[in-house]
Amino acid sequence: MNWYPLLFEPIIKERIWGGTKLRDLLHKPIVSEISGESWELSTVPGDVSVVANGVLAGNDLNAVVASNPEAVLGKKVVAQFGTQFPLLFKFLDAREDLSIQVHPNDALAKERHNSFGKTEMWYVMQADSGTELIVGFKEDSNLQAYQAAVDNHQVVDLLEKHPVQKGDVFFLETGTVHAIGAGALIAEIQQTSDITYRIYDFDRRDDQGNLRELHTELALDAINYQKTASKKTYSQVTNTSNVMVDCPYFTTALLPLQGNAVVNQSDETFTVLMVVEGVAELKYAEGTMEIKKGMTVLLPAGLGPVQLEGNAELLEITIS
């Protein structure tokens, strides 16, 4: 197999809080005014990504991995995670506030749902004036104070709000209470999991007039009640991979491209490129490919190093 950069059909999700930025800014094929998420790379059951280009077009990601796990995922990734693709990549458009939620850790998710936990990160691609994200508690809290706030409909008062702008990065360890605020366009990298405990939904009703389900009791022992330093600072050296987040599940770097750069792909791990600004030409052994804002590309471990040329900003995600 002559491996090549893989593109996938986006999986579009309508959400009560979604809008049209996925179409207007990222050129996704949305068909509604409430499109909240574009799942770019997924092996979540029922939502498995399908290859959109080249000789593997029409095959889903699970089948591609199964054909040669080490060549797709990399030797280290297979040793650490087995043959399941371990990450989920999304773009999110919040026209309205998302619900306040929390994700369980691996142990709790395994016990309750036979799933991975959900460690994740956000990169803010665009934010309207006044946009805020909720991340963690203002001050150290505890179960008793939290339960009292729930009973009195005052949970929001305990939580830290962060005004945001393009380029802001937040790392959300499992247990961190969080919510994306209205006006944010986000690139999200996370473990392969769709386990979310909804804590508060601003008393919104769906188009049938129903309140969405809350998971108040499930959340109680999933929450980290301590104040956390989730916002990350990072360098932005041109044509260099500037690490923003490095955790056991993924390493994400910003690659500000002005001219030429090399992605030093190895046989240890795959690389995913999410283009968050601009246009670049991706050159590999068998050819070239234009990639632009809103595109997500999987570089199989067996592909080898690739070159980038252009004027763009990319998120470069590996497992280290």
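Visitor: Where is Gln236 found?

Guide: In this predicted model, Gln236 lies in the loop between E14 and strand E15 (242-246).

Visitor: Is Gln236 buried or exposed?

Guide: The class follows from relative accessibility, and exposed means over 50%. Gln236 has 53% relative accessibility and therefore counts as exposed.

Visitor: Which residues is Gln236 in contact with, leaving aside its neighbours within four places in sequence?

Guide: Gln236 is then in contact with Asn242, Leu254 and Pro256.

Visitor: In what order do the seven strands form the open sheet?

Guide: The order is E1-E2-E5-E12-E7-E10-E14, with antiparallel pairing. Strand E1 (11-19) and strand E14 (231-232) are the edge strands, each pairing on one side only. Within the sheet, strand E7 (residues 120-127) and strand E12 (residues 184-191) pair in the antiparallel sense over seven bridges; Ala127 has Ala184 in E12 as its bridge partner.

Visitor: How many aromatic pairs does the structure hold, and how is one described?

Guide: A pair of aromatic rings is described by the distance of the centres and the angle of the planes. The structure holds six aromatic pairs. For Phe85 and Phe89, the ring centres are 6.5 Å apart and the planes are at 50°, so this pair is tilted.

Visitor: What sits over the ring of Trp39?

Guide: The charged end of Lys13 does, at 4.7 Å from the centre of the Trp39 ring.

Terms used: Residues are numbered from 1 along each chain as its sequence is written. This is a predicted model: local features need pLDDT of at least 70, side-chain atom pairs count only at pLDDT 80 or more; totals for chains, interfaces and linings use all residues. Side-chain values use heavy atoms; hydrogens and water are left out. Two strands pair if DSSP finds at least two bridges between them. Helices (H or I, at least four residues) and strands (E, at least two) are DSSP runs, numbered from the N terminus. Rings of Phe, Tyr and Trp (its six-membered ring) pair if their centres lie within 6.5 Å; planes under 30 degrees apart count as stacked, over 60 as edge-to-face and the rest as tilted. A charge sits over a ring if NZ of Lys or CZ of Arg is within 6 Å of the ring centre and within 35 degrees of the ring normal. Buried means under 20% relative accessible area, exposed over 50%, partly exposed in between (1.4 Å probe, protein chains only). Contact means heavy atoms within 4.5 Å.
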